[in-house]
Amino acid sequence: MSQLTHLQTLSGHTDRAWNLAWSPSGETLASCSGDKTVRLWTRRSPGSEEWVCDAILEESQTRTIRCCSWAPGGRQLATASFDATTAIWEVQGGVWEQVATLEGHENEVKGVAWSPSGCIIATCSRDKSVWLWEALPGNEYECMDVKQGHSQDVKAVVWHPEGEILVSCSYDDSMKLWRESDDEWICEQTLSGPGLGHASTVWGAAFEAGGKRMVSCSDDNTLKVWACRSRDGNLRWAPLTTLSGYHDRTVYSVDWSSSGAIASGSGDNSICIFEEEASASADVDPQQKPAFHLAVRQRDAHSTDINCVRWHPTDPTLLASAGDDGSIKLWRYHV
Amino acid sequence: MDLINPSPQVFERKDTDRKARTKQELAEDVRDPIDALEIFEHVRDLTDPEHPYTLEQLKVVSEDAITVKDDEGIVSVLFTPTVQHCSMATLIGLSLRVKLMQTLPSRFKVDIAVAPGSHSTEAAVNKQLNDKERVAAALENPNLLEMVNNCLAGSYR
């Protein structure tokens, strides 16, 4: 019987905790909040099960910090704010310093994602656009493309693990897949519409480790699993299954662990964990309709909405969650 | 500025004092469940954004359009803008949400929507009012916050 055991509550944020990001090595957990700060949490000592606040990044952005994303090397952190800026932070002489500001969005930046190669940063905003920024040596950042396409605000941007595809999730109920083609990023596919896409705002998405499938979450209270299929020589994404009836309110966050478990966090205060049926996971055929079952439903995981769930990158039994109560919780997942 | 609804119909403020309290409500060791009347008391005296009347006087809110599931921690408020194309609907809804965020215990989820058929862009208004990210961003906007606070001022008396 799978279960989720509460390990620790990390307190410190004085407003809603919006988003979490584990550093690539998993040594640091970054959290950001409506209190306009980012907190960095690390183990009290190497190997310790106790996490403590190691640094607070503040007095840079003047409104809610909505999202944070590590550079693949783990030496820099990008933070997106409702003040329309994205800040880049770096450790210099043992201290976190803001080293760059990405300005260009007209209003609230809602998502930021550093590409797996480290060369590109994607941001998205209430201004309906997705921006791609090239990371140049010396902490120079240059806008390389601005993508219009969504008809409403863009809630999140997520990179494919190989960096070939960028996914954007929007209040217009659609997801768009972007791919580089001759120095330009083009919208290759839009996932939306009856029988295909979500029926309301898409809040987030996450890829499976190998990048062959992804999962999305929505204000329609469901999760959808998608697979990449080859059709007429082109790669097309198609819906595989919808996980409905598990959450009673908006699903704000989803993440896919390195061992194959899908975690979701919702406005119904619960965290759900889904596992694929053993028979189907043996040799994953992307054509096959997968069967996911609910492994754990942790009711009242927070006393409020859950805004973010993130698996530890190297320890698939460790999960972090963030809630409207301002707290971050760490959980141990036992299969 | 032209008013959206230059001459709204104005109704009397109702007397809604609780008359018959049950034995259970009087017992001190029992927590009174929150009910629709209590929610109505919180929001009835919010001021309309463009008239010197309360939301109750304009029949924008009423007790029977409020649903409370105390045990599940869910409050649902339907409001009726005075005109179908009311551009103030999102401001009214935002003010209702802020008032209930201030007064209700944090365990409550609040759903706010215009009454079915009462607004020309009903789905869009409802979606916006229940997107907490948009609400959070709106409340960081000083101009909008001032308008919300003006609506709320009357309800604190």
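Student: What makes up the lining of the largest cavity in this predicted model?

Tutor: Chain B supplies B:Asp48, B:Pro49, B:Glu50, B:His51, B:Pro81, B:Thr82, B:Cys86, B:Met88 and B:Ile92. Each counts as lining because it has an atom within 4 Å of a cavity point.

Student: How do you know which classes that lining falls into?

Tutor: Sort the residues by type: the lining has five nonpolar, two polar and two charged residues. B:Cys86 goes with the nonpolar ones, because Cys counts as nonpolar.

Student: Why is this space called a cavity, and what is its volume?

Tutor: It's a cavity because a 1.4 Å probe fits there but cannot get out. The volume is about 60 Å³, and the structure holds two cavities of 30 Å³ or more.

Student: On to the interface. Why is the pair A:Asp173 and B:Lys127 called a salt bridge?

Tutor: The closest N and O atoms are 2.5 Å apart. The cut-off is 4 Å between a Lys or Arg side-chain nitrogen and an Asp or Glu carboxyl oxygen, so this pair qualifies. The rule finds eleven salt bridges across the interface of chain B and chain A.

Student: Which elements of chain B give two or more residues to the side that touches chain A?

Tutor: Strand S3 (109-114), helix H4 (122-129) and helix H5 (132-139). H5(B) gives the most, with five residues.

Student: What makes up that side by class?

Tutor: Five nonpolar, two polar and nine charged residues. Lys and Glu count as charged, so B:Lys109, B:Lys132 and B:Glu133, which lose the most area to chain A, are charged residues.

Key
Residues are numbered from 1 along each chain as its sequence is written. Chains are lettered from A and ligands numbered from 1 in the order in which they are written. This is a predicted model: local features need pLDDT of at least 70, side-chain atom pairs count only at pLDDT 80 or more; totals for chains, interfaces and linings use all residues. Side-chain values use heavy atoms; hydrogens and water are left out. On a 1 Å grid over the protein atoms alone, a cavity is a set of points where a 1.4 Å probe fits but cannot get out, and a pocket is an open set with protein on both sides within 12 Å along at least five of seven lines; lining residues have an atom within 4 Å of a point. Grid points are joined across faces, edges and corners, and a volume is the space filled by probe spheres set on the points. Buried area is the accessible area (1.4 Å probe) that two parts lose on being put together, summed over both. Helices (H or I, at least four residues) and strands (E, at least two) are DSSP runs, numbered from the N terminus.
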